[in-house]
Amino acid sequence: GPVTQESLARGGGVLRRAAKAASEYALGTAFYLGKFGGRHVMATNHHVQGSPRCQGSARFPALGKEFRCTRVYGSWKEIDLALFSIEVPPEDETALLDAAANFAYDAPIYPGQELLTAGFGKAGNFPEEVTFRARLMAGQDDDCKVFSGRDEFRLLADPDNGVNYSAWSFATGCDVSSGDSGSAVFDRRTGDLLGVIWNTKNPKAEGIGSSAYLRRLLAEGRPEIWTELTYAVPAAKIRAHLREFVAKSPVDEPLDADVVRVLSAVIGPG
């Protein structure tokens, strides 16, 4: 439901961090990863930021701030991911860095793992009266969990046919809608950043909205797990793809030093 000051006060640290990191960007959601290579880095989907040019500013409602996009560091279809930087004045750095969370590349992803998402999905979301902008919505109900096998990732075609490529995915029962593209996926208990929402089947088959049906789907490992749910790109595949991208930079057209520095810092050692 909507993220309000009251829900943040009642919620735990994972919700507060996810809410602070989430921004409305372009026609979707982007979230703050942290400061890497001297740049404040944001993540979203390739299908939100597919252009090499910035799409405006990132609005952080939980912080009451808006920061201008300064550079796109890359956009990759197979992980439906884009990374870009924002311009953050020195006086705003502390508040933003408190929300920083890089991908937990080595964290396990397993069936029944409880998840939390935060984004600007339009379903059941009414514009703010003054700004006419979408509210930040959080997904953390009993159905918002992992449905695929332990560290089971598939190169999955878009179940909604909104984009013409496939992306590495794990399956979730999180309820998302248009505008949630690019939302972070957190482990609700540990706070680990497990991946990024990229798509959902819409409309879903009859019964999919029922928690009882979803429990049977999870318990029995039914094939609908890979055709009727919501899908997120796993952190492990993000690291592998970015590592290969940096390593295979062509000799005749190498990546510039800023891109290599920032992406290498996001990937981390190893």
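Select Phe31, Phe103 and Tyr105, which make up one aromatic cluster. Rings of Phe, Tyr and Trp (its six-membered ring) count as a pair if their centres lie within 6.5 Å; planes under 30 degrees apart are stacked, over 60 edge-to-face, and the rest tilted. By this rule there are seven aromatic pairs. Keep Phe103 and Tyr105 in view: their ring centres are 6.1 Å apart and their planes stand at 40°, so this pair is tilted. Both Phe103 and Tyr105 are buried (under 20% relative accessible area, with exposed over 50% and partly exposed in between; 1.4 Å probe, protein chains only).

The model is predicted: local features need pLDDT of at least 70, side-chain atom pairs count only at pLDDT 80 or more, and totals for chains, interfaces and linings use all residues. Residues are numbered from 1 along each chain as its sequence is written, and side-chain values use heavy atoms, with hydrogens and water left out.

Next, select Arg71 and Tyr73. Arg71 lies over the face of Tyr73, 5.2 Å from the ring centre. A charge sits over a ring if NZ of Lys or CZ of Arg is within 6 Å of the ring centre and within 35 degrees of the ring normal. Then move to Tyr213, whose ring has the charged end of Arg222 over it, 5.6 Å from its centre.

Now turn to the open sheet of seven strands, ordered β8-β7-β11-β12-β13-β10-β9 with antiparallel pairing. Strands (E, at least two residues) and helices (H or I, at least four) are DSSP runs numbered from the N terminus, and two strands pair if DSSP finds at least two bridges between them. At the edges are β8 (137-139) and β9 (154-157), each with a single partner strand, so one side of each is left without a neighbour in the sheet. Four bridges join β9 to the antiparallel strand β10 (residues 166-172). Select Leu155 to find Trp168 of β10 opposite.

Finally, select helix α5 (residues 235-247). Its 13 residues should span 18 Å at 1.5 Å a residue, and its end C-alpha atoms are 18 Å apart, which agrees; the expected span is 1.5 Å times one less than the number of residues. Buried residues in α5 include Ala235, Ile238 and Leu242. The buried residues of α5 pack against β5 (65-76), β6 (81-86), β12 (193-200), β13 (230-234) and α6 (257-267), where contact means heavy atoms within 4.5 Å.
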